[in-house]
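Open the structure in your viewer and keep the selection tool at hand. The stops below are meant to be taken in order.

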Amino acid sequence: MNHWSMFDAVARALPERTALAWRGDRTNYGELHERTLRLADVFLTQGLGSVMPRSELAGWESGQDHIGLYLHNGPEYLEATFAANAARAVPFNINYRYVEHELEYLLNDANTAALVYHSAFAPTLAVVLPKLNRQPLLLQVPDDSGHPLLEGALDYETAVSGATPADVGEGHDPDDLYILYTGGTTGMPKGTLWRQSDIFDAVLVAFSPSLGARSTSKAEHAAAAAEITPNICLPLPPFMHGAAQWMAIGALMGGQTVVIQDVVTTLDPADVWRTIEREQVAAMIIVGDAFARPLCDELEKGGYSPASLAMVITGGATTSPTMKQRFIGLLPSLFIADAVGSSETGSQLNNLATSGGEPTTTFSVVPGTCVVDETMTYVLEEGHEGIGWLAKSGAIPLGYLGDEEKTKRTFPVVAGQRMVVPGDRARLLEGGLVELLGRESVTINSGGEKIFAEEVEQAIVRHQGVDDVLVVGRPNERWGQEIVAVLQLQDGASPSDKEILALAGERIASYKLPKLIVRVGKVERSPSGKPDYAWARQVAIDAG
């Protein structure tokens with residue numbers, strides 16, 4: 001079913017149910033529905049919304065208008081998402097940390113028809129706009145920055161309040177696109193093109209558990225949502241990150257309640273715990289140790305009662321076993337679920353940790369996930385001793401926007417099935433479990449041995465004195481590359497290199513241990529918690 005159709009059905013059936021909670025304000029489904037239709041009217045009045053049939057397009061082609069969301073978390077992000085869907089345009093995420101060159105590339109790559117952006121980003125946008133191949137419709141959302149409207153821009157609230165709710169009809173198609181831009185670990189960002197029905201099956205349905213299998217009609221969908229007590233969820237990372245976006249839009253399509261923390265420009269652990277307590281949040285999504293560690297640090301200070309929190313889902317990066325143990329030690333009734341996936345796959349692997357259980361670094365597969373051989377010719381059987389590529393078939397993307405070559409490379413046909421192979425290396429173990437080794441793009445080749453950075457990071461972060469770490473390779477005449485760990489220590493901790501390496505050596509072979517440890521004040525990561533390996537490599541090189 002189409003995303004707008006799902007949201008429309010729920011909102012019409014349950015207009016009084018709370019959809020959004022932010023900074024003490026409540027927006028019910030009826031109010032959110034009306035605002036999305038008003039914003040859809042703005043888009044349609046400006047000429048957006050034309051659609052080419054999917055059957056006439058290649059997998060790397062889009063036949064719809066694209067609307068960029070250059071925003072911090074807030075109601076406007078979700079309003080614009082569903083308004084674009086209603087108008088049969090396609091919203092896409094923009095990393096608000098991009099500098100001018102990156103932003104120019106992204107907006108041109110997307111052939112951006114409209115931009116919804118916070119005023120804080122107006123100065124950067126003002127420099128970029130004259131360089132674009134197409135001048136987009138501009139909708140500026142006010143914030144605390146105080147920046148005035150850009151020339152030609154519409155004030156968001158004035159435009160929405162002055163519009164008439166659009167009559168968008170019933171022509172929305174499951175083949176309408178969903179676009180998620182991924183920066184990856186190397187290269188310029190790429191827009192991953194999904195059919196809306198496929199991204200729903202691949203990941204969004206997980207955030208609307210009451211719906212189970214996809215409903216066959218809007219009436220069935222609305223009835224299923226009406227029967228549940230809404231789950232209260234907090235998508236903590238920026239909505240520009242897939243994991244948070246998936247929780248938020250999946251929840252709203254299923255009649256759940258989405259909470260947004262008060263402080264959205266940075267991770268403020270005290271604000272997060274206050275929000276959880278105030279709104280009685282039951283489920284939260286985070287990004288690995290980069291989020292888990294400061295949240296645990298703050299919770300250990302005391303003064304919070306987050307008894308409502310039953311589930312923490314981590315997406316975008318796995319949570320280390322030691323951090324899971326620490327989290328569950330603080331909240332013994334908590335379930336922690338590692339949901340491994342990517343912009344190109346949706347959910348692929350799962351790992352559930354509970355009180356009394358033994359945290360592990362192996363994962364169960366979701367339907368369609370497999371490991372294929374080095375040559376991407378066949379699917380590996382359980383217990384195969386070699387390393388392969390993590391892959392997925394079934395509900396997967398169409399391709400990368402405008403990139404035929406990369407689409408064909410990343411979405412090969414293996415053993416007669418079209419699959420996506422985004423670049424993760426893995427071992428398939430007995431019992432069908434998967435040991436995830438990490439991205440090939442950050443693999444280190446030292447003395448002819450392939451060393452997976454994430455495997456080494458997991459071994460090092462076991463030390464209680466290590467707060468965060470990135471592992472990279474730097475040039476070495478003898479080995480080709482040597483392994484360097486760039487790490488951030490816990491406040492007050494001062495472990496020696498020998499102590500860190502000794503503990504890591506209990507989990508990994510000696511040839512995988514870093515030849516050099518560089519201590520820094522802070523390990524650089526994106527707002528969503530993803531590692532900045534380019535920064536870490538430069539730190540390693542500069543260390544001499």
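Select E405 and R409: their side chains form a salt bridge, with N and O 2.3 Å apart. The model in the viewer is a predicted one. R409 is partly exposed, with a relative accessibility of 47%.

Next, select E506 and R462. Here the closest N and O atoms are 3.8 Å apart, and the two residues form a salt bridge. E506 sits in the loop between α15 (497-504) and β28 (516-519), while R462 sits in the loop between α14 (453-460) and β26 (466-476), so this pair ties together parts 44 residues apart in sequence. E506 counts as exposed, because its relative accessibility is 57%.

Move on to D176 and R88. Their side chains meet in a salt bridge of 2.7 Å, N to O. The two residues are 88 apart and link distant parts of the chain: D176 is in the loop between α6 (156-162) and β8 (177-182), and R88 is in the loop between α3 (75-86) and β4 (90-93). Is D176 buried or exposed? D176 has a relative accessible area of 2% and is therefore buried.

Now select D8, R12, E170 and K218 together. A network of salt bridges links these four residues. Across the whole structure, a search finds 29 salt bridges.

The next stop is a charged residue without such a partner. Select D373, in the loop between β17 (369-372) and β18 (388-393). D373 is buried but has no salt bridge. Which side chain of opposite charge is nearest to D373? That side chain is R425, 8.9 Å away. Side chains of opposite charge can pair when their charged atoms come close. For D373 and R425, the 8.9 Å distance is beyond the 4 Å limit for a salt bridge. A polar atom of the D373 side chain does lie 2.8 Å from the backbone nitrogen of Y378. Beyond its neighbours within four places in sequence, D373 is in contact with Y378, L380 and W389.

Finally, zoom out to the whole chain. The secondary structure comprises 16 helices and 28 strands. The C-alpha trace spans about 65 × 55 × 50 Å along its principal axes. Of the 544 residues, 57% are buried. The chain exposes about 21,400 Å², and carbon and sulfur atoms supply 49% of that area.

Definitions and conventions
Residues numbered from 1 in each chain as written. Predicted model: local features only at pLDDT ≥ 70, side-chain atom pairs only at ≥ 80, totals over all residues. Heavy atoms only, no water. Helix = DSSP H or I, 4+ residues; strand = E, 2+ residues; numbered from the N terminus. Buried < 20%, exposed > 50% of the residue type's maximum accessible area, 1.4 Å probe, protein only. Lys, Arg positive; Asp, Glu negative; His and termini not counted. Polar contact = N/O pair within 3.5 Å; in protein donor to acceptor, adjacent residues only side chain to side chain. Contact = heavy atoms within 4.5 Å. Areas by Shrake-Rupley, 256 points an atom, 1.4 Å probe, with all protein chains shown as cover.
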